[in-house]
Amino acid sequence: MKYLRFVLPVVMLVSITGPVFAQSDSQKSFDTLKTLAGNWEGPVSVTPPQADMDMSKPIHVTLRVTSRGNALVHEMQESGTPLDATKYDHPVTMMYVDSGQLTLIHYCDAGNRPRMKAKTSLDGKTVEFEFQDLSGANDYGHMYHAVFTVVDADHHTEDWTYMMPGDKPMHAHFELQRSK
């Protein structure tokens, strides 16, 4: 009986504070990603190589904090192409903390919206998003995984995994430098 009097309050304390710790980790991850606000450019490598993709042109990424600091907009396009979504790929990704969990929704040119949840590395510089679910059609595949790694104030990498039809993964690695 004395054992229960000691253990029960500890269990209750852990069950109450556990979500608080998770929430603070999500907020820290989100705050880390918000430091990437700005314009970025750099080369892209794709594995396996895709014959119909021109990898000679760099990618341009814009990250913008919006909604009073509660959301981060990530936009990517081939560098030098106009912002004409009817002719060029221009996916948009939104990141925000939802119920204590850092969440990513990718509005894909394939016509779907995968949702991913974040986990943070021990060093706090890497935020990895794992697939949760998908809204919309999956005829052309969908984004499946994303990793953001902050190298320093002017450099970061992004790794995106796209699941092709037939569940064949295609990995894109961006080496990005802040545009001045």
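In strand S11, Pro 169 is the bridge partner of Met 163. The model is predicted, so local features need pLDDT of at least 70 and side-chain atom pairs count only at pLDDT 80 or more, while totals for chains, interfaces and linings use all residues. Residues are numbered from 1 along each chain as its sequence is written, and side-chain values use heavy atoms, with hydrogens and water left out.

S10 and S11 pair in the antiparallel sense over ten bridges; two strands count as paired if DSSP finds at least two bridges between them. Helices (H or I, at least four residues) and strands (E, at least two) are DSSP runs, numbered from the N terminus. The hairpin of S10 and S11 has three residues between the strands, and Gly 166 in this hairpin takes a positive phi near 85°.

Strand S10 covers residues 155–164, and eight of its ten residues are buried. Buried means under 20% relative accessible area, exposed means over 50%, and partly exposed lies in between (1.4 Å probe, protein chains only). Strand S9 (residues 142–152) pairs with S10 in the antiparallel sense over nine bridges. S9 and S10 also form a hairpin, with two residues between them. Val 147 stands opposite Asp 159 in S10.

S11 (residues 168–178) also pairs with S2, in the antiparallel sense and over four bridges. Here Val 46 stands opposite Ala 172 in S11. Strand S2 (residues 44–47) has two faces: Val 44 and Val 46 form the covered one, and Ser 45 and Thr 47 the uncovered one.

## Aromatic rings

The structure holds three aromatic pairs. One of them is Phe 129 with Phe 148, an edge-to-face pair at 6.1 Å centre to centre and 85° between the planes. Rings of Phe, Tyr and Trp (its six-membered ring) pair if their centres lie within 6.5 Å; planes under 30 degrees apart count as stacked, over 60 as edge-to-face and the rest as tilted. This pair links distant parts of the chain, with Phe 129 in strand S8 (residues 126–136) and Phe 148 in strand S9, 19 residues apart. Phe 129 is buried, with a relative accessible area of 0%, and Phe 148 counts as buried at 1%.

Phe 148 and Trp 160 have ring centres 5.7 Å apart and planes at 75°, so this pair is edge-to-face. Phe 148 in S9 and Trp 160 in S10 are twelve residues apart, and the pair links distant parts of the chain. Phe 148 and Trp 160 are both buried. Phe 129, Phe 148 and Trp 160 form one aromatic cluster.

## Backbone angles in the loops

Most residues other than glycine have a negative phi, and most peptide bonds are trans. The peptide bond from Thr 47 to Pro 48 is cis, with omega near -10°. Pro 48 lies in the loop between S2 and strand S3 (59–66).

Ser 67 is in the loop between S3 and strand S4 (71–78). Its phi is positive, near 55°, and Ser 67 is not a glycine. Ser 67 counts as partly exposed because its relative accessibility is 46%. Arg 68 is found in the loop between S3 and S4, and has a positive phi of about 55° although it is not a glycine. Arg 68 counts as exposed because its relative accessibility is 88%.

## A serine in helix H1

Ser 26 is found in helix H1 (residues 2–34). Ser 26 counts as buried because its relative accessibility is 8%. Leaving aside residues up to four places away in sequence, Ser 26 touches Val 97, Gly 100, Gln 101 and Leu 102; contact means heavy atoms within 4.5 Å.
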